[in-house]
Amino acid sequence: MKAALLLDFDGLILDTETAIYEAWAVIYRQHGVEPIDRATWAASLGRNDDDPLDIDPRARLAELVGPDLDVDEVDRERRARRDELLAASPIRPGIEDWIDAARGRGIPVAVCSSSPTIWVESLLAERGLRDRVDHVSCAGDGVPGKPDPAVYLRACAAFGVDPARTVAADDTPIGTQAAKAAGAHCIAVSAGMTEGLEYPHADLVVPSLAAIDAGAVLGTR
């Protein structure tokens, strides 16, 4: 039986990635410029903000629009649009079944993300998932984001388990790279913004966690 279930957050548990991208796309068009294309955006997903390959859509918009851009107003409008889209976004298929399958077997569940803790914790709580997750491991405060395996390794350390006996699920190539570097068995979920991407580090690629039997992967006592 596996020792822990490690889940990414953005794009895996909740499709925040599409909501964030679409909100920025609306803002770009309102200012008369073309949005960053989806392929470029998708390639950057999963990275920490400090990663040089990460996209800074605010800085790009400022370069295109010029000094007259009201950054504060942009942020207000963009957050409002993002939150509207998020409110209509359901928990991704299979997530709750996998959490229930793990907890039913006494297997602890962690959420491991490059996003800030306050973002992950608040959205988990809003969706009624925080009390069903045993640990949240996020980048920040000296902990690097993916593709560094630190957030996965910290969750394993919190549970006192060998990473090789864990299952990790992530929706980005960067995330699966981090999970494999940690030593976990890694499932890539290619859906939403990451649909069609290549996952050279994953052990298995599926369109949804609902497509595979959690019990068969997690094992039995």
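Which backbone oxygen does the side chain of Thr176 reach? It is that of Pro173, at 2.9 Å, a polar contact (a pair of N or O atoms within 3.5 Å; within protein, one must be able to donate a hydrogen and the other to accept it, and residues adjacent in sequence count only if both atoms are side-chain atoms). The model here is a predicted one, in which local features need pLDDT of at least 70 and side-chain atom pairs count only at pLDDT 80 or more, while totals for chains, interfaces and linings use all residues. Residues are numbered from 1 along each chain as its sequence is written, and side-chain values use heavy atoms, with hydrogens and water left out.

Thr176 sits in helix H8; helices (H or I, at least four residues) and strands (E, at least two) are DSSP runs, numbered from the N terminus. Thr176 counts as buried because its relative accessibility is 0%; buried means under 20% relative accessible area, exposed over 50%, and partly exposed in between (1.4 Å probe, protein chains only). Leaving aside neighbours within four places in sequence, Thr176 is in contact (heavy atoms within 4.5 Å) with Asp170, Cys186, Ala188, Tyr199, His201 and Ala202.

Helix H8 (173-182) also turns up in the cover over helix H7, along with E1, E2, E3 and E4, among what lies over the buried residues of H7. Those buried residues are Ala150, Val151, Tyr152, Ala155 and Cys156, in a helix that spans residues 150-159.

Now for helix H6, residues 117-126, where Trp119, Val120, Leu123 and Leu124 are buried. Seen down the helix axis, these buried residues fall within an arc of 120° (taken from the directions from the axis to the C-beta atoms), so they line one face of H6. The face turned away from that buried side carries the exposed Ile118 and Glu126. Packed against the buried residues of H6 are helix H1 (16-30), helix H4 (71-87), strand E2 (109-113) and strand E3 (135-138). Just after H6, Gly128 has a positive phi of about 75°.

Asp10 lies in the loop between strand E1 (4-7) and H1. Asp10 is buried yet has no salt bridge, a term that calls for a side-chain nitrogen of Lys or Arg within 4 Å of a carboxyl oxygen of Asp or Glu. The nearest side chain of opposite charge, Lys146, is 7.8 Å away (Lys and Arg count as positive and Asp and Glu as negative; His and the chain ends are not counted). What Asp10 does have is a 2.4 Å polar contact between its side chain and that of Thr16.

One more helix end is worth a look: Asp56 caps the N-terminal end of helix H3 (residues 57-65), with a side-chain oxygen 3.2 Å from the backbone nitrogen of Arg58. Just after H3, Gly66 takes a positive phi of about 105°.
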